[in-house]
Amino acid sequence: MHFFLFSGGYANAPQSTNMAPAKKRNVSSKANVKKIKIDLEGTVERILTSRKHANDVFDILEFLQSEKEKDITCAVDACCKLFCTFLKRKDLFIGKLPGEDEAIKGEHSPDEKYKIFMRHRYNNCVEILLEHLNHETHEVKESSLCCLMKFAAGQGLHPLEDLDWSEHFSFPRELVQAVVHNILSQSSDNSLLISRFQEFLEMEDVRYYVMSSIRDNVATVMDKSKGVVLPVYQSNVFTLMLNINMPSQDSELTNFMVKQEAKHEDWKAAKLHDHKRAFEKMWLGFLKYKLPSSMYKKILVILHDSILPHMSKPTLMIDFLTAAYDVGGAISLLALNGLFVLIHQHNLDYPDFYKKLYNLLEPSVFHVKYRARFFHLANLFLSSSHLPVYLVAAFAKRLARLALTAPPTALLIVLPFIYNLIRRHPSCRVLIHKPSSEDELLDDPYVMEEVDPALCHALESSLWEIKTLQKHYHPDVAKAAMLINTPLSEQEDDISEVLEITSYELMERDLKPTKSKSFPLEFETAAHLLERRGEVLGQHFCLA
């Protein structure tokens with residue numbers, strides 16, 4: 001019997017290793033794809049029919065390493081049929097696999113030698129398929145992935161490890177781990193392949209072991225790179241984690257690739273609590289490393305809907321959110337939104353929250369594209385009537401000072417925003433009514449450069465900036481600033497209508513010709529004018 005030696009297992013096989021010593025060649029140069037497919041199907045039938053054709057398996061493996069993608073996909077289908085049948089028949093060696101040299105020299109029966117031989121060929125096939133997960137064409141990637149997952153299902157039903165399954169749970173962890181390792185490429189974007197993999201993530205046990213594999217893989221790769229950002233790799237990891245749909249209750253855990261015959265209820269993959277722990281460890285393990293700047297925003301946007309609800313301890317996200325705040329810009333605002341959710345929904349104690357929000361109030365906030373989102377969230381954060389007066393006064397004063405150099409579109413947001421703060425906290429009305437003599441020159445005690453709102457002396461100051469804006473060149477701004485001269489109504493202004501307004505829209509509104517006003521008319525019936533023979537011949541209208 002012709003033995004093809006192949007050393008090593010597939011679980012820890014590196015992506016760049018040449019998994020088989022056979023030299024690649026263009027095996028389809030003279031044969032069309034249809035003929036190759038028929039030939040391969042015939043080869044599979046011969047091998048399955050008689051053991052004397054065992055060496056024909058090398059022909060299939062040779063096509064599997066072809067340079068033509070059509071040859072490869074035909075060979076993948078052939079391998080899938082061949083080895084899935086062997087798994088069902090139990091024609092692959094079960095237990096610790098001896099080397100082929102050892103099998104030849106050892107005291108093994110012909111039946112055992114055949115099974116050892118085929119088990120080695122199966123390992124060869126798996127390793128080549130794992131390599132193909134990073135092939136240049138998607139068709140080869142997809143067919144290889146589907147074949148590997150069929151192998152995983154076959155190994156789950158017919159394990160290749162010789163263990164006491166009354167005490168252990170049967171699942172092809174090493175094979176799934178190897179699939180995850182190769183999908184998470186460091187050099188090529190595998191988002192399309194990952195979307196195809198989502199079908200298998202709907203199975204509870206596959207999802208559970210994939211989450212564990214992601215955590216281990218991230219730790220290995222990122223520690224090896226010493227925490228340096230790996231954009232392609234981290235993008236693949238994020239895409240894969242994003243495709244994981246978590247169940248919300250135990251009763252939903254019904255779809256398993258491998259159903260355990262005994263003690264199924266004790267299996268971690270069958271418990272929602274363990275799923276949540278695996279989900280939490282996976283995300284925390286990924287987020288503890290530095291990420292590409294663009295990825296922070298993507299994660300923060302989905303945080304409160306897709307991540308926090310499925311974590312056992314959502315407050316553990318505080319380290320990531322604190323690090324995200326330090327990135328700056330829109331990411332800092334989104335990080336504060338995540339902290340706000342943790343504070344209000346998960347009882348997180350974070351005393352620096354409003355201090356961090358206060359320090360985001362810079363002149364640039366009026367000019368960035370996320371201005372509307374900023375004021376929407378700031379309005380939400382400051383909506384509580386239980387906030388201390390000094391804090392609210394600090395926000396009102398800082399916004400008023402920034403308003404002196406803000407564009408009109410921003411002022412139409414800021415002025416109602418300040419008025420709403422004063423409405424919610426009547427004690428802040430002292431900022432409006434500061435008694436002083438007309439000729440007195442006052443120094444503003446407010447310290448704009450102070451980062452702590454408790455130390456900026458806002459309550460000792462006044463909103464003189466709004467008084468200044470009453471002489472603004474834009475009539476809408478001047479009109480809005482005039483409201484501070486009259487008692488503010490109890491009803492808050494709805495700022496949502498002006499959050500998205502642009503300079504263009506404001507100018508178009510100003511340039512739009514005003515409709516001529518219709519004057520009210522008073523109607524009087526004529527008594528004597530132009531009256532003949534008791535008939536009224538006319539009517540008289542006069543202006544009111």
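Q: Where does asparagine 347 lie in this predicted model?
A: Asparagine 347 sits in the loop between helix H14 (329-345) and helix H15 (353-358).

Q: Why is asparagine 347 called exposed?
A: Its relative accessibility is 69%. Exposed means over 50%. Asparagine 347 therefore counts as exposed.

Q: Where is histidine 457, and what is its phi?
A: Histidine 457 is in the loop between H18 and helix H19 (464-469). Its phi is positive, about 60°, although histidine 457 is not a glycine.

Q: Why is histidine 457 called partly exposed?
A: Histidine 457 has a relative accessible area of 38%. Buried means under 20%, exposed means over 50%, and partly exposed is in between. So histidine 457 is partly exposed.

Q: How do you know that tyrosine 390 is partly exposed?
A: The relative accessible area of tyrosine 390 is 38%.

Q: What makes H18 roughly parallel to H20?
A: Helix H18 (residues 408-424) and helix H20 (residues 475-482) pack at about 10°, with axes 9 Å apart. Angles under 35 degrees count as roughly parallel, so H18 is roughly parallel to H20.

Q: Which residues make the contact between H18 and H20?
A: H18 supplies Pro408, Leu411, Leu412, Leu415 and Tyr419. H20 supplies Asp476, Val477, Ala480 and Ala481.

Note on methods
Residues are numbered from 1 along each chain as its sequence is written. This is a predicted model: local features need pLDDT of at least 70, side-chain atom pairs count only at pLDDT 80 or more; totals for chains, interfaces and linings use all residues. Side-chain values use heavy atoms; hydrogens and water are left out. Buried means under 20% relative accessible area, exposed over 50%, partly exposed in between (1.4 Å probe, protein chains only). Axes are lines fitted to C-alpha atoms, for helices over the stretch in contact, and angles run from 0 to 180 degrees between N-to-C directions. Helices (H or I, at least four residues) and strands (E, at least two) are DSSP runs, numbered from the N terminus. Angles under 35 degrees count as roughly parallel, over 145 as roughly antiparallel, 65 to 115 as roughly perpendicular and the rest as oblique. Contact means heavy atoms within 4.5 Å.
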